[in-house]
Amino acid sequence: MPMEPLQSHELLAGAVLVLVTVLLLNQLWPAPRTTRPPASPPRPRGGLPVIGNLHQLGALPHASLAALAAEHAAPLMLLRLGSVPALVVSTAAAARAAFQHNDRAMSGRPVQRAPARLSYGLQDITFSAPDSPLWRAARRACLSELLGTPRVRGFRAVREAEAAALVAAVAGAPSGTVNLSERLLSTSNRIVMRVAFGDHGEETAVLEEAQKHFGAFFVSDYVPWLGWVDALRGLPRQLERYYHELDAFYERVIRDHLDKPAGSKEDNDLVDVLLRLHRDPAHRNTFGSRGAIKGILMDIFVAGTETAAAALEWTMTELIRHPETLSKAQREVRSIVGDRDMVLESDLSGLHYLKLVIRESLRLHPPAPLLVPRETTEPCTVGGYEIPARTRVIVNAKAIGTDPDAWGPDAARFVPERHDDGGGGGGVDLNDHKPWHDGFALVPFGMGRRSCPGVHFATAVVELLLANLLFCFEWRAPLGGGAVDVEEKPGLVVSRKNPLVLVAERRGVK
């Protein structure tokens with residue numbers, strides 16, 4: 001016999017019974033509590049299995065990351081680079097949110113194959129762990145003994161001699177046409193080599209090759225179980241070869257310094273300083289091994305050569321593209337120096353506009369546009385997002401330098417006057433990374449405890465060489481060469497893709 005349809009009061013009674021039963025069971029056997037996962041920054045679309053977002057980095061990662069951040073309106077953006085989570089910081093406000101209260105938590109360095117080997121197992125300043133006694137002591141010694149203001153001033157004669165050699169080389173170029181990119185790199189290399197190694201200042205080849213391998217892309221840094229791909233490419237073998245060549249060079253330099261006559265033990269170069277610290281019982285825990293000495297020497301060379309050359313190259317590029325700015329900078333330096341043949345370091349304090357020009361060039365063209373990657377050492381909160389420990393932190397210094405919210409709607413334009421505070425007494429300090437309103441908007445040398453300790457040295461080199469180039473020569477692009485381009489070459493240090501070839505006419509020579 002068919003069942004009769006239930007009446008409305010029976011449906012209601014059944015629903016109440018079910019509800020009471022569920023409530024009773026929930027009290028007796030409560031379901032496990034679930035918490036909402038912590039909020040994380042936006043993630044761009046397009047990630048793939050295994051490699052994550054690696055394929056989206058492109059030939060120029062700083063440009064690709066800036067485009068991704070803009071597309072997703074994500075000044076703080078989370079990527080997956082293989083198996084590595086990475087936080088990308090792309091605006092001044094995001095940099096403030098990330099580092100103002102989290103500089104310590106974000107001061108770690110990821111351990112990567114090439115830097116770890118070439119720094120003698122992270123026995124250096126750039127890549128060693130921030131909580132290690134080695135890093136703290138080495139950075140203190142670097143700031144006070146190696147690259148502090150008094151030591152930098154002590155190498156003034158080297159910089160002035162190499163500036164004179166650069167001027168002579170440019171003046172002697174056939175037909176006045178100069179590959180300025182090549183000349184600037186050669187000069188900055190010689191300055192650092194003479195300051196660091198003294199009589200070995202001409203032996204740059206092995207260090208230049210090692211420098212190239214610092215930025216080598218090892219798949220195993222991002223997907224460890226794919227390390228066999230690196231072996232197929234021959235990268236580990238190449239790295240070992242350059243490591244041993246580099247080590248032999250260091251041993252030769254150290255041996256020659258140790259064999260100096262007893263009366264010549266003064267600190268003539270940075271190897272002398274490091275060996276003195278090596279013998280000092282107060283510094284033995286830091287500089288007790290030759291590996292630590294070699295690691296710090298590698299830091300100085302890598303950080304001080306290609307970066308200075310790139311800064312000069314981009315500054316000259318922008319000056320050629322902006323003739324009025326070039327003329328204004330030349331008028332200033334010539335009015336200060338007068339009838340002498342060369343600019344001396346004692347003249348630099350009066351070159352206010354020149355400093356504005358360099359600062360603006362560093363804003364638009366930071367030599368290392370992604371700085372050196374950091375890593376979180378503990379969980380932290382950034383802009384309301386939870387960032388786990390062991391997250392890679394990538395600061396896009398170029399994107400920050402062209403952030404319209406920090407620099408205005410003309411952020412992409414080269415305008416040195418934007419940095420002027422109205423003073424004319426040389427008050428612009430390139431070591432002070434603050435524009436007029438925000439200390440996180442100009443970060444070519446990094447920020448916080450991981451900022452570059454060699455900024456005084458780099459500034460002295462860039463200012464002196466640029467001032468002499470502007471003082472001694474009239475500059476123009478070759479006839480028929482078209483406009484000077486700003487295409488970039490990939491690398492940790494981003495220089496011009498095409499060499500900067502210019503015509504230089506010696507001032508006063510017809």
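What percentage of the 510 residues in the chain do buried residues make up? In this predicted model, buried residues (under 20% relative accessible area, with exposed set at over 50% and partly exposed in between, for a 1.4 Å probe and protein chains only) account for 53% of the 510 residues. Local features require pLDDT of at least 70 and side-chain atom pairs count only at pLDDT 80 or more, whereas totals for chains, interfaces and linings use all residues. Residues are numbered from 1 along each chain as its sequence is written, and side-chain values use heavy atoms, with hydrogens and water left out.

The chain contains 20 helices and nine strands; helices (H or I, at least four residues) and strands (E, at least two) are DSSP runs numbered from the N terminus. Among the contacts (heavy atoms within 4.5 Å) with a separation of 6 or more, 75% are between residues 24 or more positions apart.

Two helix pairs were examined. Helix H9 (residues 205-214) packs against helix H14 (residues 290-304) at an angle of about 80°, and their axes are 10 Å apart. Axes are lines fitted to C-alpha atoms, for helices over the stretch in contact, and angles run from 0 to 180 degrees between N-to-C directions. H9 and H14 are therefore roughly perpendicular to each other, a class covering 65 to 115 degrees, with angles under 35 degrees counted as roughly parallel, over 145 as roughly antiparallel and the rest as oblique. On the H9 side, Leu 207, Glu 208, Ala 210, Gln 211 and Phe 214 take part, and these meet Met 298, Phe 301 and Val 302 of H14. The residues of this contact of H9 with H14 comprise six nonpolar, one polar and one charged. In this classification Ala, Val, Leu, Ile, Met, Phe, Trp, Tyr, Cys and Pro count as nonpolar, Asp, Glu, Lys and Arg as charged, and the others, Gly among them, as polar.

Helix H15 (residues 306-321) and helix H17 (residues 352-364) pack at about 105°, with axes 9 Å apart, which makes H15 roughly perpendicular to H17. H15 contributes Ala 311, Trp 314, Thr 315, Glu 318 and Leu 319 to the contact, and H17 contributes Val 357, Ser 361, Leu 362 and Leu 364. By class, the contact of H15 with H17 has six nonpolar, two polar and one charged residues.

Trp 314 is also one of the residues touched by Glu 488, which is placed in the loop between strand S8 (473-476) and strand S9 (501-506). Glu 488 counts as buried because its relative accessibility is 15%. Its side chain makes polar contacts (pairs of N or O atoms within 3.5 Å; within protein, one must be able to donate a hydrogen and the other to accept it, and residues adjacent in sequence count only if both atoms are side-chain atoms). One, of 2.8 Å, is with the side chain of His 62, and another, of 2.4 Å, is with the side chain of Lys 398. Not counting residues up to four places away in sequence, Glu 488 touches Leu 60, His 62, Trp 314, Lys 398, Val 494, Ser 495 and Lys 497.

Asn 102 lies in the loop between helix H3 (92-99) and helix H4 (113-118). At 11% relative accessibility, this Asn 102 is classed as buried. The side chain of Asn 102 reaches the backbone oxygen of Ala 98 at 3.3 Å, and one of its polar atoms lies 3.0 Å from the backbone oxygen of Thr 381.

The structure holds seven aromatic pairs. Rings of Phe, Tyr and Trp (its six-membered ring) pair if their centres lie within 6.5 Å; planes under 30 degrees apart count as stacked, over 60 as edge-to-face and the rest as tilted. Phe 197 and Tyr 250 form a tilted pair, 6.3 Å centre to centre with 40° between the planes. This pair links distant parts of the chain, 53 residues apart, with Phe 197 in helix H8 (residues 180-197) and Tyr 250 in helix H11 (residues 235-258). Phe 197 is buried at 0% relative accessibility, and Tyr 250 is buried at 1%. Ring pairs link Tyr 120, Phe 197, Tyr 243, Phe 249 and Tyr 250 into a cluster.

Tyr 120 is placed in the loop between H4 and helix H5 (133-146) and is buried at 10% relative accessibility. Its phi is near 60°, a positive value in a residue other than glycine.
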